[in-house]
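Let's take a walk through this protein together, starting with the overall layout and ending with a few single residues. Have the sequence and the model side by side as you read.

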Amino acid sequence: MSMSIIMTTTTRSMTRTAPVAAMIMTMITKNMNITMTMITTMITNIITTTTMNIITGYLAATEGTVTIDGKDVQKDPEEAKRAIGYLPELPPLYTDMTVWEYLEFAAQLKNIPAKKRQESILNAMKMTGLVDVAKRLIKNLSKGYRQRVGFAQAVLGMPEIIILDEPTVGLDP
């Protein structure tokens, strides 16, 4: 089994004036082992959301680089992002779609082959407990169920690395 590697140099964003200090990120690999990775530089208390956005390519770093399995997130974004599933703190959902339609749309964006789409969507829905609400509009779901839809999108296609930013926000205990 190959393990995906995230490497960063001191990475900074225009929205931050200091390098990232310490970041704890949960990554789930294909064999579902959970690895806690801590990246430490010099300053404390500047953390996660900005760094996760840089690692996933949603935000460009003004200094440094991020590579995933040797692929630079800024220079080769499609290849680097292919290995990542990402759940931002506030999932960007299309609320006028049903759960199934949204996951089908996400599967197309992730270039999951048409022959494997239905199976991938169903697996993600089973994993996140969404099968019973597949035909409901996302706007009619509770915040917790919306978070589950975002999580299902992140695990769709079982990427090598899954990055979760505040994944339990809105979920019932």
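Here is a tour from the whole chain down to individual side chains.

What you see is a predicted model, in which local features need pLDDT of at least 70, side-chain atom pairs count only at pLDDT 80 or more, and totals for chains, interfaces and linings use all residues. Residues are numbered from 1 along each chain as its sequence is written, and side-chain values use heavy atoms, with hydrogens and water left out.

Let's begin with the layout. The chain holds five helices and seven strands; helices (H or I, at least four residues) and strands (E, at least two) are DSSP runs, numbered from the N terminus. Read from that end, the order is β-β-β-α-β-β-α-β-α-α-α-β. Of the 173 residues, 40% count as buried, where buried means under 20% relative accessible area, exposed over 50%, and partly exposed in between, with a 1.4 Å probe and protein chains only. Taking the contacts (heavy atoms within 4.5 Å) with a separation of 6 or more, 65% are between residues 24 or more positions apart.

Now for the interior. In soluble globular proteins, nonpolar side chains tend to be buried together. A nonpolar core here is a set of buried Ala, Val, Leu, Ile, Met, Phe, Trp, Tyr and Cys residues joined through side-chain atoms within 4.5 Å. The largest one has 23 residues, and those touching the most other members are Val99, Leu103, Met125, Leu130, Ile138, Val149 and Leu156. At least two residues of this core come from each of α3 (99-109), α4 (114-128), α5 (143-155) and β7 (161-164). The biggest contributor is α3, with five residues. Another core, of twelve residues, lies apart from this one and includes Ile55, Ala83, Tyr86 and Ile161.

How do α3 and α4 pack? Their angle is about 125°, and their axes are 10 Å apart. Axes are lines fitted to C-alpha atoms, for helices over the stretch in contact, and angles run from 0 to 180 degrees between N-to-C directions. That angle makes α3 oblique to α4, since angles under 35 degrees count as roughly parallel, over 145 as roughly antiparallel, 65 to 115 as roughly perpendicular and the rest as oblique. On the α3 side, Val99, Trp100, Leu103, Glu104, Ala107 and Gln108 meet Arg117, Gln118, Ile121, Leu122 and Met125 in α4.

Finally, let's zoom in on some residues around these helices. Ala107, in helix α3, is buried, with a relative accessible area of 0%. Leaving aside neighbours within four places in sequence, Ala107 is in contact with Ile112, Arg117, Ile121 and Leu156. The C-alpha atoms of Ala107 and Gln118 are 9.1 Å apart, although eleven residues separate them along the chain.

Leu156 deserves a look of its own. Again not counting residues up to four places away in sequence, Leu156 touches Leu103, Ala106, Ala107, Lys110, Ile112, Ser120, Ile121 and Ala124.

Beyond four places in sequence, Ser120 touches Ile112, Leu156 and Gly157.
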